Amino acid sequence: MDAKALKIEAARAALGYVEDGMRLGIGTGSTAEEFVRLLAVRVEKGLKVIGVSTSERTEALCRELGVPMSTLDETPELDLTIDGADEIDPELSLIKGGGGALLREKIVAFASARMIVIADKSKVVKHLGAFALPIEVNRFGLKATMEEIRRESESLGLSGPLVLRIKDGHPFVTDGGHLIVDASFGRIPDTRALSRALHDVPGVVEHGLFIGLADLAIVAGSNGIETLHPVDAS
Ligand SMILES: O=C[C@H](O)[C@H](O)[C@H](O)COP(=O)(O)O
């Protein structure tokens, strides 16, 4: 099975957790998009849900396919969020933001009673960090912010290139109007310490470490679907 087929399988399995009447957070990325497509078919057949999207891209797809949508302001408490991830560790801590949607994704996940992550098996890792960590930063003072990120991460023994994300020859701009710095730290031994350190930097809007947010991961591999629960590492 190719990667797309695996994403569809994970998305299909996640649909089994969606109940009539649910207020749903809807993620961003290629896996979340497969979920939206399957959800739309169920909606057409009569399933009643209301969605809150995590990006303009997802919003547009949901509207195009007829999934009823609300905003987080109108619907501030959600029953379930279903979203993809770039990396998933045994605690179900995640790296997200490969598509630049991490800020809205984190806000929506926090507003949800449950979060289910859907992915193909390649996203499952022992330790987070092989995927460069996306950090959303304010445009103002970019160089100073990057310097401060460097200092904070070095104080935790982390180093590696910090690269401003570029798309089509221009800095990538998030739905919130911010920039993304991708930090290639390599293995991140203490994700909580790094999360705190990054939040200490004034120009950092948010980062792509999702810690303690995912309740379940549905992972599709060549041997079928695996359902992963967080393994307590404390
Ligand atoms: O900003 C994007 C999101 O965090 C995505 O959920 C993540 O990058 C995974 O995307 P994909 O399902 O395309 O691998």
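Predicted model: local features only at pLDDT ≥ 70, side-chain atom pairs only at ≥ 80, totals over all residues.
User: How many bridges join β4 and β7, and in which sense do they pair?

Analyst: β4 and β7 pair in the parallel sense over five bridges, and Asp 83 stands opposite Val 117 in β7. On another side of the story, β1 (residues 23-26) and β4 (residues 78-83) are also parallel, over three bridges, with Ile 82 as the bridge partner of Ile 26. Five bridges join β7 to β15 (residues 216-221), again in parallel, and Ile 116 stands opposite Leu 216 there.

User: Is β7 mostly covered or mostly open?

Analyst: Burial is a count: a residue is buried if 20 or more other C-beta atoms lie within 10 Å of its own, exposed if 12 or fewer, and partly exposed in between, with C-beta atoms placed from the backbone. In β7 (residues 112-120), seven of the nine residues are buried, so the strand is mostly covered.

User: Now a helix. Which residues of α6 are buried?

Analyst: The general idea is that an α-helix has 3.6 residues a turn, so residues three or four places apart point the same way. In α6 (residues 191-199), the buried residues are Thr 191, Leu 194, Ala 197 and Leu 198. Seen down the axis of α6, they fall within an arc of 125° (taken from the directions from the helix axis to the C-beta atoms), so they line one face of the helix. The face turned away from that side carries the exposed Arg 192 and Arg 196.

User: What covers the buried residues of α6?

Analyst: Contact here requires C-beta atoms, placed from the backbone, within 7 Å. The cover includes β8 (133-137), α5 (142-155), β13 (204-207) and β14 (209-210).

User: Which residue does UniProt list for "active site"?

Analyst: The unreviewed UniProt entry lists Glu 105; UniProt positions use the numbering here, feature names are shortened, and annotations may be inferred rather than shown by experiment. Glu 105 is in helix α4 (residues 102-110).

User: Is Glu 105 buried or exposed, and which residues does Glu 105 touch?

Analyst: Glu 105 is buried, because 33 other C-beta atoms lie within 10 Å. Leaving out residues up to four places away in sequence, Glu 105 touches Gly 27, Thr 28, Thr 54, Asp 83 and Lys 96.

User: For contrast, why is Gly 157 exposed?

Analyst: Gly 157 is exposed because 10 other C-beta atoms lie within 10 Å. Gly 157 is in the loop between α5 and β9 (162-164).

Notes:
Residues numbered from 1 in each chain as written. Helix = DSSP H or I, 4+ residues; strand = E, 2+ residues; numbered from the N terminus. Contact = placed C-beta atoms within 7 Å. Pairing = 2+ DSSP bridges.
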